[in-house]
Amino acid sequence: MDVERKHPRDSMLGEEKIGRLLVKLSIPSMVGMIVHALYNFVDAIFIGRGVGVDAIGGLAVAFPFQILIMSMAGAIGVGASSVVSRNLGAGNRERAYQSAGNAIMMSFFLGIGITVLGLVFLDQLLRLFGATDVLIGFSRDYLSIILLGSVLGVTGMTTNNIVRAEGQALIAMVTMLVGTLLNLILDPIFIFVLKLGIKGAAYATVISQCASAAFLLGYFISGRSSLELQLHHLKLKADIVKEMLTVGFPSFVRQAGGSMMMVVINNTLGAYGGDIYISLMGVINRFFMLIFMVIFGIVQGLQPIVGYNYGAGKFDRVRAVLRLSVLSSTMICLVAFSVLMIFPGELVSIFNEDRELISIGVVSVRLVILAIPLVGFQIIASSFFQALGKARPALILGMSRQFFFLLPAVIILPVFFGVNGVWISFPVADLLAVILTIFWYIKEIQAMKPQGIISDQVYRSNNT
């Protein structure tokens, strides 16, 4: 293996005290992710109060498509993050540069494909996603504009992961802050002042994506990045593309599975409850995003630490950061569980004061969150396998909640419990996914022994 000089940030990932290092990398990511989640949260409030309850339903129908876009970008971004951080840990900086450059080019082409195909088949997709005659107009107005910004959106998300992989969590946070704060400023102007309705929210999103992409481009051009990218690094290489997609595929499955589940849930809610229940699902999704984005902030701090130290054979550091991450994510979930369980009606009323929405929201929210305290561990554990580059367990754990457990539950339970069966499906799936994850996680942790630097041959065998 071609071992090159170490960059100062390499020493930070491999030598700094774990607690301080996780805080340093996670807090900026958490702040950025929270701000991003708050954007989606506040965006739905603006739409709910400025346009109406049906507009929230239209947003709920469009949401799975947005998640699908994010899942494809995430597959490239998470895969690139794992490959870049592990190669930095192993001292192979040139391959890290090539991986980053390849990820950027893949994102650019993906964004173009999403825009073209999305606009051509928009109405068919919206009907598939559960749009009713009442909701489809709102969904179409919103998504037709969002699709125009897909190239910048996808490339920005991927590049953000690359920035985190080199240990620059603060830059990644500022990037998200720039776009999100601009979005929050433009939303009320476009919706309330210019009277653009749900289209105004979409225009605000696209403009904010342009701002974030411009900020990231400036970061790389300025030379502040430790990844010294040149034009030849953008040329796609089959082995690098394959490795990134293999590692990132579990992330795609988990998020795309979430998108597919929203489609099934929207259609099931429409059949058993009606438009008001689809609108409520849009509200509940905002609560979930706010909780999970905080945990994903921990994940994004965790992954470069795990990837680097696993590549360097420092397994004691890997286990230490995992323990701290699981504890932190569990505490966050417990706080969220308590707030949602005590104040469900008050929280739903923030989006719209429709009495029916609030009434059905109280019971529904409490049912959905029953197993939330366990979810933090499941997210951390499945992300751990991705950081190791172990695609098989990451894929299975990523699929378990959505495909193995939630999908059959959503199909079966409403037959017996009506619309409440949809809400009960969430804690059932969460509990079963956690049980499966525990067995695989313990096995992997026990297999890791703090033996010092591993050989290149062992390193490669661990990632096949």
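## Terms and model

Helices (H or I, at least four residues) and strands (E, at least two) are DSSP runs, numbered from the N terminus. By this numbering, Gly 149 lies in the loop between H6 and helix H7 (150-165).

The model is predicted: local features need pLDDT of at least 70, side-chain atom pairs count only at pLDDT 80 or more, and totals for chains, interfaces and linings use all residues. Residues are numbered from 1 along each chain as its sequence is written, and side-chain values use heavy atoms, with hydrogens and water left out.

## Helices H6 and H9

Two packed helices are described by the angle between their axes and the distance between the axes. The axes of helix H6 (residues 136-146) and helix H9 (residues 198-221) come within 8 Å and cross at roughly 20 degrees. Axes here are lines fitted to C-alpha atoms, for helices over the stretch in contact, and angles run from 0 to 180 degrees between N-to-C directions.

Contact means heavy atoms within 4.5 Å. On H6 the contact is made by Phe 138, Asp 141, Tyr 142, Ile 145 and Ile 146. The residues of H9 in this contact include Ile 198, Lys 199, Tyr 203 and Val 206.

Gly 149 touches Val 206 and Gln 209, not counting residues up to four places away in sequence.

Lys 195 sits in the loop between helix H8 (169-193) and H9. Lys 195 is exposed, with a relative accessible area of 66%. Its phi is near 60 degrees, a positive value in a residue other than glycine.

Notes. Buried < 20%, exposed > 50% of the residue type's maximum accessible area, 1.4 Å probe, protein only.
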